[in-house]
Amino acid sequence: MILCFSVLQYFCLLSVFSHFRTMPKYKSSVRCKTKKIKLTRKTIGARAKSSYIPSHAGSSDTNTVFPSSHDICTENSEEEGTAYTRAKRKELSLWDTLKDQVLEESYKSSAPFSDMCSVCKKPGVYRCLECSRSSVFCKDCVYTVHINSLHLPEKWNKTCYEAAFQQLVLHLSGDHSTHVVYSRDVKTFVNTGHLINCTVSFCKCEPEVCTLLKYGLWPASPEKPQTAFSMALLELFVHLSLECQISVEGFINTLRWKNNLTVMEVNMLYRALVGESISQFRHYHFRRRSLVGLCDQFDDGTVCPACIKTDGTVIVALDANFGLVRKKSSGSSITEPLQGNRMFVRDEDVEEYVRSNPDNCQPTENCSKFKAGNALRSQNQQKKLDITGVFGASCRHEVPLIFLNMTHGERLAYPKYVITELMKKYKEKNINLHVLYDIACVLSRHFRKTGEGIPKGLSLAVPAFHVYGHKLQCQIMYSTRRVPGFGLTDGECMERLWSFLRRFSRVTKEMTPSHRLDLLTDALLYYGRRKSADLDVQLLQRWDKAEKIASIAEEEISAVLKESPISISEHDLQQWMETQRHVAQAAHLKTRDKEIVPRWKRNYVMKLTEINQLRSGSHQQDSLIEDESQLDRDLRIIERHHAVKRRWVPSDDIFQRTLRDVDQELRGQLIQRAQNEARERATLLNLKRRYNDGQGVAIRLSKQVNACNRKLKKIVTEYNNLQWPPQTGIFPSHLEFLELCDASSQLYTLFDEQIEDHGVVPKNLKSRAIEALHLKTRATEEKLLLKREMNTVILHLHQQHGHLSSAINDTADPGSKAVLHQNIIMLEKKMYSAMNMFKRFIEVGAPPPNHHLPEFNSQALMSPDLHYIDYDESIDDGEDEGDDDDNIDEGENSIDCESSL
């Protein structure tokens, strides 16, 4: 019911609606019936928006629109009785009471709390906000406490605080009496980003860069640096750039508005940070974390702790991202990347392989026809780029493995090169490679077409969500839910990685080649470190998922066995599954004849149906009479040409048989067209995720998606406008647009030619049984994979512990020992946590004998009460959501393009 009401009534109802939305759910023991009132708000130039509020449950008057004030008060009083509401109201009331007092205290804290030094109890007028907001210092103590410090103390001038020092002094520590010591001024950006002049003492016995490092400073140049940065400031920038993808400009503006930097300080800081110095600091940060020079066997972030190291199977996903481009106008590099080939292979090697392996194989009619890369970019835009995207691989635990720059579209030479490199790496270790790729079916045919054949030890599959963009044959032969050995791996790990990495594109597209590769490599290593840090939790979550899916599959199999019209067993389901796969292994699907019914019979029956409907109508308008006359003339012409002696009537067997064949042909063709459009739409949506919102490629893909939507709507209209009801029970009487958009809809199983139909067990029941049996099998595989991966994680941690212990014994430097001890303690914490989580599933063994973790920490970590926080990193920040270009044309059935996936 659409309501019209005054502005006051509208806001009253809106407040009631908001109140009801914040209510906690009733307990299961409380039963109440509710009605909904629909509120429609119409605005000029926009679509109407509707909201719903519950009406009074006990009202019997159907004409009552609004809940009475008594009802609202009663519900409010009931709501006030809940513990949650009472606690929430109490918390809000306390904040309301304290907010003025908090603001007043904040104002008071701008003056000294005391005039007595917190250290020596003498009169003091100094403070340091970076040390403590409540501490007061005298002149002597503030100098003593801040020797060689980069803090900026303030002095009370009886009116307000002002900067106490106009210049900092940094003195050498240690004995340098036998060396030449000298001092000079260095412009220094301290922790807050402020620029201050520092008098720094240097010694001839070591480079100035090393001396600045001891002071906690990073030089802007390697020789006689005139400018330096606080290392704490640079570390903050590095972590923000990797986690939040903040640019140099964004970081500096943040410091400017937080710490009131001047325009001069902002400009100088920007010029200093965009130079080579920050790249060198990033590399220094990585080398120190990887213990380069202290423990060469320590994991540098390129190895997945859970993947099998020998004698087994590694599952890898491949994919391309066309958003990580580079402009030709961004300059050239003088030197090679600092990270070398740690993640990215040499461009020269890739180009040579592409030239020696030309491929003309493209997705054929057996797969969804989509365009990628260059085909979607305009020629003018293409000419401005020297790198058109990135192709890469990661393991099933989402740890990045190998990446390369693309200079063309998504050619098959790129996945072949990555597979070749991975096969070389794993060949000596007796490891089989299971690869997930969006068009694995095309790649498989390409291997056979070139005469190479699929390499031994290689298995190909299509990721779980991409597979619905392929035809049925590919779904059966290449779905991860049907190919043995993949467990419950969804294969979408690369999509999640791209959602993180594509945010760097606005920064890297303007970089030189070397700086771009260094930043992308740092980002990939950081992403891998994030995944490795919570690997134990991830494996436990996958175990829980496998158990739930196994339980659901068991319930579905039991339901199928009960619903079957004949007595069947799980062995019969296994035979159906094997038969379906054998049929799908044919080169092509069997296709129906283009015309089951001769064209003249089809036209004759359709015109007969139309004229019968006109004659049965109650209104005899002139236009209808003319239509009837024209149809009668057309029917006479058909009857004369094909020697039809007597006009067919609906009761004739030949009329009913022909109409049934025509109905099956037309409805089947429409649904088949809809299935092809739904697959193409699903593929286009998955492809669009590789690009940033607003990119020209993403806009073109959105237009293609909208074109698919229009075609699907047209099919719905044609199907629903057929002038006779379905003649067989397999076709629905009415189609819905949302149902057709779903490429995995049960409607499309009607045309599953891979399932034999003997008329006893319905096709849809067989399809459900096969899917459930596959899920049960994959869930069992997943558990076996997880158990082996848990053992691999424990073994990997023990090996890393042994490497660190050996390094500690081999070094005599106290500083190096301290760094190694810090790392081994962090490793032991991770080891004990993993052992505690995995001990329910595998034999974890004993902790290493020479552990360095304090005894109370080890006891706490080995406690059976240890629990973990379930943190889902797959949730995006919203950057890839809400793209208006993807919305289907406005109308009654308007939906979000990605909602059906």
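How many cavities of 30 Å³ or more does the structure hold? The structure, a predicted model, holds 3 of them. A cavity is a set of points on a 1 Å grid over the protein atoms alone where a 1.4 Å probe fits but cannot get out; a volume is the space filled by probe spheres set on the points, which are joined across faces, edges and corners.

The largest cavity contains about 90 Å³ of space. Its lining residues (those with an atom within 4 Å of a point) are Val-238, His-239, Leu-242, Arg-282, His-285, Phe-286, Arg-289, Asp-522, Tyr-526 and Arg-529. At least two lining residues come from each of helix 6 (231-243), helix 9 (276-289) and helix 17 (513-533), and helix 9 gives the largest share, 4 residues. Helices (H or I, at least four residues) and strands (E, at least two) are DSSP runs, numbered from the N terminus.

Helix 3 (residues 83-108) has 26 residues and spans 37 Å from its first C-alpha to its last, close to the expected 38 Å, where the expected span is 1.5 Å times one less than the number of residues.

Strand 11 (residues 227-230) pairs in the parallel sense with strand 8 (residues 181-189) over 3 bridges; pairing requires that DSSP finds at least two bridges between two strands. Ala-228 of strand 11 is the bridge partner of Thr-188. Strand 10 (residues 217-219) runs antiparallel to strand 11, joined by 3 bridges, and Trp-218 has Phe-229 of strand 11 as its bridge partner.

Residues are numbered from 1 along each chain as its sequence is written, and side-chain values use heavy atoms, with hydrogens and water left out. Local features need pLDDT of at least 70 and side-chain atom pairs count only at pLDDT 80 or more, whereas totals for chains, interfaces and linings use all residues.

Note on methods: On a 1 Å grid over the protein atoms alone, a cavity is a set of points where a 1.4 Å probe fits but cannot get out, and a pocket is an open set with protein on both sides within 12 Å along at least five of seven lines; lining residues have an atom within 4 Å of a point.
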